[in-house]
Amino acid sequence: MEGIFQVIVDLILAQPRHIDYPLFRYRLPEWKKYFNRVLIALTQDTMPPDITNWLVSSPEYKDVRWVRPPQPDGKSDWRDLAMKDVVKNFAWSPYILFFEQDFLIKDPSFFERVINNLEMYDFIYHQEGDRVHPAFALVKRDLVMNTTLDFAAHPPYDHFGEFFKELLFLTD
């Protein structure tokens, strides 16, 4: 399916410095055309081995904007810090796609179909049971900025729990 679409989405994700996601890395070059920017926050400095140099020099990550977010101070949440930094300082497109590298997409027309239908929705997400999952959440940037930008884990809720609760309230 080759259609006409307007690129109005920034792709945002956290990349632990010690993990490679080969399938995501392999697919990213074909997906880049759907995004204004691909913004990857390098996270989790304390976990060995640190493969950052290898990741950032991989040809599949050409044209990716790598972000080094503030380091957690022992009281703050690593993913919360990373997402806040990227959203506030680097993501300026009308839509933001929060994504996880292990969200598997089998349909080659998936992104094109979703992006071509954005005008009908402010918030498109993957739901796992009763939970909105941060593996795929495409949100109008204006809505994102009307939340408290709380991406932290608040047990028993995982990362993005509070953020998604606020978004669901705003879009109801």
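Modeller: This is a predicted model. Start with Arg 113. Its salt-bridge partner is Asp 107, and the closest N and O atoms are 2.6 Å apart. Arg 113 is partly exposed, at 36% relative accessible area. Asp 107 is partly exposed too, at 29%.

Next, Arg 79 and Glu 100. Their side chains form a salt bridge with an N to O distance of 2.8 Å. Arg 79 sits in helix α3 (residues 78–89), while Glu 100 sits in the loop between β4 (95–99) and α4 (110–116), so the pair ties together parts that are 21 residues apart in sequence. Arg 79 has a relative accessible area of 11%, so it counts as buried under the 20% cut-off. Glu 100, at 13%, is buried as well.

Glu 30 and Arg 27 meet in a salt bridge, 3.3 Å from N to O. Both residues belong to helix α1 (residues 22–31). They are 3 residues apart, about one turn of the helix. Glu 30 is partly exposed, with 39% relative accessibility. Arg 27 is buried, at 14%.

There is also a network. Salt bridges link Asp 20, Arg 25 and Glu 60. Over the whole structure, the search finds 11 salt bridges. The pairs with Arg 113, Arg 79 and Arg 27 are among them.

Technical notes:
Residues numbered from 1 in each chain as written. Predicted model: local features only at pLDDT ≥ 70, side-chain atom pairs only at ≥ 80, totals over all residues. Heavy atoms only, no water. Salt bridge = Lys/Arg side-chain N within 4 Å of Asp/Glu carboxyl O. Helix = DSSP H or I, 4+ residues; strand = E, 2+ residues; numbered from the N terminus. Buried < 20%, exposed > 50% of the residue type's maximum accessible area, 1.4 Å probe, protein only.
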